[in-house]
Protein chains: 2
Amino acid sequence: MATTPGDEATVEFMLKRWKDPKTGLDNAWREDYKVYLSFPDKTNPNKVSVVDPENRVLFAAREREKAYKPEQDDPEVVQPFAAYSPAGNVKGELVYANQGKMSDFELLNRTLDLRGTIAITRYGGEGRSKKAINAAKFGVVGVLVYTDPYDINDGLVSESETYPHSWYLPPSGVERGSYNIDFGDLLTPYLAAKDDVYRRPKEDITGIPPIPAQPIGFDDAERLICELDGDDAPTEWQGSLNCTYKLGGPGFKPTSPLNNSNVHMDIYNTERLENSANVMGIIRGSVEPDRYVIYGNHRDSWVHGAIDPSSGTAVMLEITRVLGKMVKEGRWRPRRSIIFGSWGAEEFGLIGSAEYTEEYFSKLSERTVAYINVDISVFANATLRASASPAAQSVLFTASKQVNAPGTTTSVYENWIKYFNRTSPNGIIPNVGFLTGAGSDYAAFMHYLGITSMDISYYYDRSKTRARIYPAYHTAYDTFDYASTFIDPGFTSHQAVARTAGNVLVRLADSLLLPFNCSDYAESLERYLSQAVTSYEEKLANKRISMESLKKAVQLFRDTATKLDRLIGDSDLAKETPLKTRRINDQLMLLDRAFLDPLAFPEQYGFRHVIWASRSSSVPTFPGLADAVEKAESTDLKEDWDQAHKHLSIVTQAIAGAAHTLDDVI
Amino acid sequence: MATTPGDEATVEFMLKRWKDPKTGLDNAWREDYKVYLSFPDKTNPNKVSVVDPENRVLFAAREREKAYKPEQDDPEVVQPFAAYSPAGNVKGELVYANQGKMSDFELLNRTLDLRGTIAITRYGGEGRSKKAINAAKFGVVGVLVYTDPYDINDGLVSESETYPHSWYLPPSGVERGSYNIDFGDLLTPYLAAKDDVYRRPKEDITGIPPIPAQPIGFDDAERLICELDGDDAPTEWQGSLNCTYKLGGPGFKPTSPLNNSNVHMDIYNTERLENSANVMGIIRGSVEPDRYVIYGNHRDSWVHGAIDPSSGTAVMLEITRVLGKMVKEGRWRPRRSIIFGSWGAEEFGLIGSAEYTEEYFSKLSERTVAYINVDISVFANATLRASASPAAQSVLFTASKQVNAPGTTTSVYENWIKYFNRTSPNGIIPNVGFLTGAGSDYAAFMHYLGITSMDISYYYDRSKTRARIYPAYHTAYDTFDYASTFIDPGFTSHQAVARTAGNVLVRLADSLLLPFNCSDYAESLERYLSQAVTSYEEKLANKRISMESLKKAVQLFRDTATKLDRLIGDSDLAKETPLKTRRINDQLMLLDRAFLDPLAFPEQYGFRHVIWASRSSSVPTFPGLADAVEKAESTDLKEDWDQAHKHLSIVTQAIAGAAHTLDDVI
């Protein structure tokens with residue numbers, strides 16, 4: 001876990017590997033930040049209990065997960081907790097609030113007075129901290145969060161069916177996690193968390209729970225939920241616990257031994273400034289040392305973290321070993337520089353990578369070709385999965401065609417297209433996702449700096465499981481035993497990811513012409529435009545707001561992308577002046593940068609990319625426009641329609657501005 | 001004046017010149033924006049009068065300036081007005097409020113109830129619109145602004161001593177001007193003012209007068225001020241009108257024929273969306289067409305504008321003629337591309353240049369080497385004057401050493417150093433000013449885009465006059481007759497500016513290595529640091545805020561600048577790979593960009609450059625820090641000291657971040 005002795009040991013391990021004289025990099029070093037973290041109190045564990053009116057404890061939730069292997073008994077296993085949940089001692093009658101969405105609380109609030117209650121919610125459907133933030137708006141005083149077996153175990157609940165008998169989550173397993181919205185160190189927004197930098201008062205932090213929150217296992221959750229009084233919860237709220245879920249009276253049913261009793265939460269989390277390190281390593285470029293391809297993953301975990309993050313760290317270490325060996329033996333040096341980052345404190349909110357981008361903002365913005373993120377490298381061993389800026393789609397395709405899928409003679413690409421695919425103007429292709437969220441360390445690169453980024457992993461066959469994520473995620477069961485027995489026996493999927501991501505990396509670092517495709521970007525914009533026109537054109541026209549300029553901007557982007565593609569196609573760059581290649585490469589490198597607008601989303605920390613910023617609306621289109629139109633529709637206020645018009649203009653100008661960068665340079 | 005038939009005629013004129021087959025540029029075109037402008041009503045002129053209680057007009061200010069030459073009689077001469085002053089009909093007793101600074105109104109407010117009064121103020125000491133904004137805070141209902149002969153005429157007041165007998169302002173001369181703070185189109189902040197872009201409601205505009213304002217001549221001002229009742233105004237408030245200035249009773253003295261009468265302002269300004277054009281012209285670069293040197297000046301004036309802006313436009317046209325001829329004859333083509341901009345609607349708030357930078361933000365940010373602004377090219381014929389980013393100091397010196405001062409065999413540089421000089425670590429050098437304000441079209445380039453910019457002109461011998469600016473500025477007397485008779489007979493200073501600015505332009509466009517010096521930048525940062533330490537270190541230490549990190553950042557900048565200089569000195573770039581030169585040039589080109597922080601000054605429109613943003617404090621140092629410390633000192637509130645600490649961290653991170661870009665690239 002970040003900043004523990006274990007973390008420090010991994011720092012030393014990475015440094016040793018990257019400084020190895022035979023297989024290491026050109027240079028490696030650590031960069032330290034003093035960051036604001038939240039921990040449970042080892043000597044005073046968080047407690048969740050049910051107490052009767054005389055304060056007798058009728059039920060107490062587990063304080064640690066059940067041990068099936070020695071790893072769970074390790075004293076360093078941190079108690080399950082909700083990082084950044086405030087400490088506090090709260091008591092109230094229980095209600096069941098489904099996923100803790102605003103709509104969930106609104107529905108409950110129709111029939112129940114939620115003031116003073118404790119809400120139990122299940123993971124999924126809403127961000128961790130938002131469950132508590134939403135709850136507090138209704139007067140709820142504490143929030144419990146558990147993982148429903150429906151969502152994680154395909155409904156299986158018994159110990160005989162879960163780890164160590166399968167990959168499924170044991171009943172006592174608890175997903176830890178950071179309960180915050182904004183990424184980066186919470187006390188130093190937009191400033192690298194150096195020793196004497198300005199730190200805002202902790203009261204000014206937004207996006208963290210205003211009331212105590214605590215995650216628990218589904219065995220404890222079952223005890224609580226199955227005793228609830230009140231109406232049946234709606235069908236969509238039902239899970240796989242062994243009862244019909246009720247809403248709560250609030251509180252427990254008259255026939256329950258818990259009747260008339262309150263749920264009691266004693267949370268003792270404390271926040272501290274701790275030293276967190278990124279480990280950086282480089283291979284100098286031979287021809288364009290001032291162009292960087294960055295490859296990174298976090299190093300910290302919640303517990304052992306065999307999968308999250310070590311499956312990715314293993315891949316990174318293998319790539320650095322292979323490339324480092326070639327460099328050390330004088331057999332190879334990339335055209336461009338490669339920077340490897342082993343980020344610290346990702347689990348607390350992508351902190352290490354965010355601080356790095358804040359400290360080196362200008363240098364990275366000016367010179368970075370791409371960022372490759374491989375965090376959890378293997379969720380499962382069915383297929384490649386990738387999310388990326390559309391500019392990087394083609395290099396992902398090229399690379400994945402050159403690697404065999406684990407244990408087959410089929411390419412990763414051919415295997416991939418079976419699991420994720422879509423129809424494009426060029427036929428059926430693998431469906432590359434968009435990087436619209438902040439799920440891993442690509443966030444600061446993609447959203448804050450506008451660097452073409454990608455996130456690569458091996459993934460499930462979705463027809464075989466509906467697990468939200470691999471079941472041991474963020475629990476004490478995410479161990480080497482779990483990984484090697486259930487996730488990737490033989491580690492062949494790890495190899496496939498290493499080969500694919502390594503192929504992408506080398507192509508980005510070595511190709512004379514950057515392997516980015518601006519026409520693929522045009523196609524994505526056209527998809528978003530088409531969706532926006534379908535969903536919003538009529539509504540906007542009713543308010544006399546025209547989408548014509550947006551259409552023209554997307555058309556201009558398509559035209560200039562075609563023009564640049566033609567220029568590339570008509571050139572034999574190996575024979576022309578290096579400055580011509582550099583010019584085209586700069587156009588490609590800076591394409592994502594052209595979509596940045598630091599003022600477009602004042603309420604979303606670090607989100608500056610007008611196309612890929614996160615979005616509340618479910619319509620897959622330009623996020624600022626979608627969210628603004630939906631708000632305007634709901635209020636029908638003039639100022640909200642004005643905001644919709646403003647966001648339409650912002651995205652129009654961003655797309656037209658990006659198109660200008662693809663056009664003839666003068 | 002912007003968007004009038006006269007403006008349209010100059011658009012056609014520029015296009016014709018820049019498309020001339022023998023002396024024109026590679027290409028030229030117009031770019032149009034629909035911008036929000038303010039005009040007086042030709043059929044219903046603004047009126048300033050004194051009316052007695054029975055509403056009889058006892059005095060009426062002139063509605064137009066007196067004609068000494070046919071130019072003043074031209075029906076196209078616009079009535080003097082305060083652009084963006086609201087229309088309104090207000091009446092009140094008169095007070096004299098000096099320059100309309102907050103401190104001026106505070107002083108008045110100690111003895112007078114200002115509510116319902118009209119304030120007369122003189123130009124200078126405070127921005128135009130701020131005079132009215134300040135006044136309104138005290139309940140003042142209207143503001144008159146005049147030019148005191150002390151400030152503009154070295155005290156001379158009589159018609160026999162002013163134009164056409166000298167360069168001084170005639171008694172009826174009135175300085176027009178735009179009464180706003182923010183630059184760019186006021187309805188479309190950060191968005192180019194295209195046809196169907198979102199336009200905010202006019203009520204949301206900030207920085208314009210909340211109460212009617214109107215400029216008048218000093219003949220009319222004398223009549224009003226010299227009749228005032230009340231206490232004597234302080235010595236520093238006295239000007240050169242023929243009386244002792246009083247504060248006002250409020251109102252006029254008992255012995256005055258104006259006693260018991262009110263000043264009446266009838267303002268009929270209206271705002272309209274009008275089409276304003278930039279005229280753009282280019283010379284394509286031969287080797288690095290994707291690197292731009294931009295040279296610009298505005299085209300619009302208030303009246304004839306022989307000096308402002310046509311002295312600069314004449315210089316630009318001569319430069320384009322000379323370079324265009326060489327290009328058309330096939331004798332020369334620059335290494336980099338040159339873009340010329342003839343900006344529209346500068347007088348209303350730098351609108352054309354600001355809209356251009358908004359529309360092409362990404363392209364310009366990525367590729368622009370420098371922006372050269374020559375607006376008023378000749379204020380007077382004594383000496384060169386230049387303000388610039390420190391990176392550009394050396395090229396200004398090199399160029400000015402190669403041009404002779406008008407009518408001499410002394411270089412412009414040798415002449416310059418006699419009038420403006422300072423001691424630097426390298427001895428006495430001409431003192432190049434900093435571009436800390438938004439006085440002309442460099443603002444969007446320097447402050448919004450972080451492009452290394454410079455502003456060049458010929459200027460006064462300050463020992464011979466204390467005129468705030470050349471006296472005919474923004475009046476109907478700024479004519480060819482005035483310019484050729486009094487400002488620059490023989491136009492030799494125009495030639496000197498054309499040669500100097502042209503030399504700078506060609507060096508920027510043609511040098512293999514960009515003629516920027518990062519060590520000069522280090523020296524400027526050291527000057528600012530030294531000033532900050534002297535002024536603030538102890539005060540900050542008292543609040544436990546340390547300046548050590550800032551000192552370290554400046555030292556790091558110095559060290560990395562030295563390192564880059566050494567790399568340049570040790571290289572024979574003509575013999576090395578073009579990519580090495582390009583790499584160093586990119587470091588130099590992007591140096592100013594590295595100081596941008598779009599969130600540092602949320603209340604200052606378009607100011608993103610952390611070092612050169614405008615500053616209220618009189619201490620010449622880092623603006624955010626200076627203003628924040630001074631505010632904190634005045635309130636001693638914790639949150640204000642927090643802001644001071646935050647600004648210290650912002651500037652520290654910006655300088656360290658810029659230093660990283662000068663360091664070894666990997």
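This is a predicted model: local features need pLDDT of at least 70, side-chain atom pairs count only at pLDDT 80 or more; totals for chains, interfaces and linings use all residues.
Colleague: Thanks! Are helix 17 of chain A and helix 17 of chain B parallel or oblique to each other?
Modeller: Their axes are 9 Å apart and the helices pack at an angle of about 40°. Angles under 35 degrees would count as roughly parallel. The two helices are therefore oblique to each other.

Colleague: And is that crossing left-handed or right-handed?
Modeller: Residues that meet there include Leu579(A) and Arg583(A) from helix 17 of chain A, and Leu579(B) and Arg583(B) from helix 17 of chain B. Helix 17 of chain A passes helix 17 of chain B in a crossing that is right-handed.

Colleague: How many charged residues are in the contact of helix 17 of chain A with helix 17 of chain B?
Modeller: Pro578, Leu579, Arg582, Arg583 and Asp586 of chain A meet Pro578(B), Leu579(B), Arg582(B), Arg583(B) and Asp586(B). Four of the contact residues are nonpolar and none is polar. The number of charged residues is six.

Colleague: Looking at both chains as a whole, what is the area buried between chain B and chain A?
Modeller: The contact takes 50 residues from chain B and 50 residues from chain A. On the chain B side, Tyr198(B), Leu579(B) and Ile666(B) lose the most area, together 17% of what that side buries. Carbon and sulfur atoms give 60% of the buried area, which is about 4500 Å².

Colleague: How many nonpolar residues does the contact of helix 16 of chain A with helix 17 of chain A hold?
Modeller: Leu564(A), Leu567(A) and Ile568(A) in helix 16 meet Lys580(A), Ile584(A), Gln587(A) and Leu588(A) in helix 17. One of these residues is polar and one is charged, and the number of nonpolar ones is five.

Colleague: At what angle do the axes of helix 10 and helix 11 of chain A cross?
Modeller: Helix 10 covers residues 393-401 and helix 11 covers residues 412-419. Contacting residues include Phe397(A) in helix 10 and Trp416(A) in helix 11. The axes come within 6 Å and cross at roughly 120°.

Colleague: How many residues apart are Glu359(A) and Lys194(A)?
Modeller: Glu359(A) forms a salt bridge with Lys194(A), with the closest N and O atoms 3.2 Å apart. Glu359(A) sits in helix 8 of chain A, while Lys194(A) is in the loop between strand 9 and strand 10. This pair links distant parts of the chain, and the separation in residues is 165.

Colleague: Last one: which residue does a cis peptide bond join to Gly249(B)?
Modeller: Most peptide bonds are trans. Here, omega is about 5°.

Technical notes:
Residues are numbered from 1 along each chain as its sequence is written. Chains are lettered from A and ligands numbered from 1 in the order in which they are written. Side-chain values use heavy atoms; hydrogens and water are left out. Contact means heavy atoms within 4.5 Å. Helices (H or I, at least four residues) and strands (E, at least two) are DSSP runs, numbered from the N terminus. Ala, Val, Leu, Ile, Met, Phe, Trp, Tyr, Cys and Pro count as nonpolar, Asp, Glu, Lys and Arg as charged, and the others, Gly among them, as polar. Buried area is the accessible area (1.4 Å probe) that two parts lose on being put together, summed over both. Axes are lines fitted to C-alpha atoms, for helices over the stretch in contact, and angles run from 0 to 180 degrees between N-to-C directions. A salt bridge is a side-chain nitrogen of Lys or Arg within 4 Å of a carboxyl oxygen of Asp or Glu. Angles under 35 degrees count as roughly parallel, over 145 as roughly antiparallel, 65 to 115 as roughly perpendicular and the rest as oblique. A crossing is left-handed if the near helix is turned anticlockwise from the far one by less than a right angle, and right-handed if clockwise.
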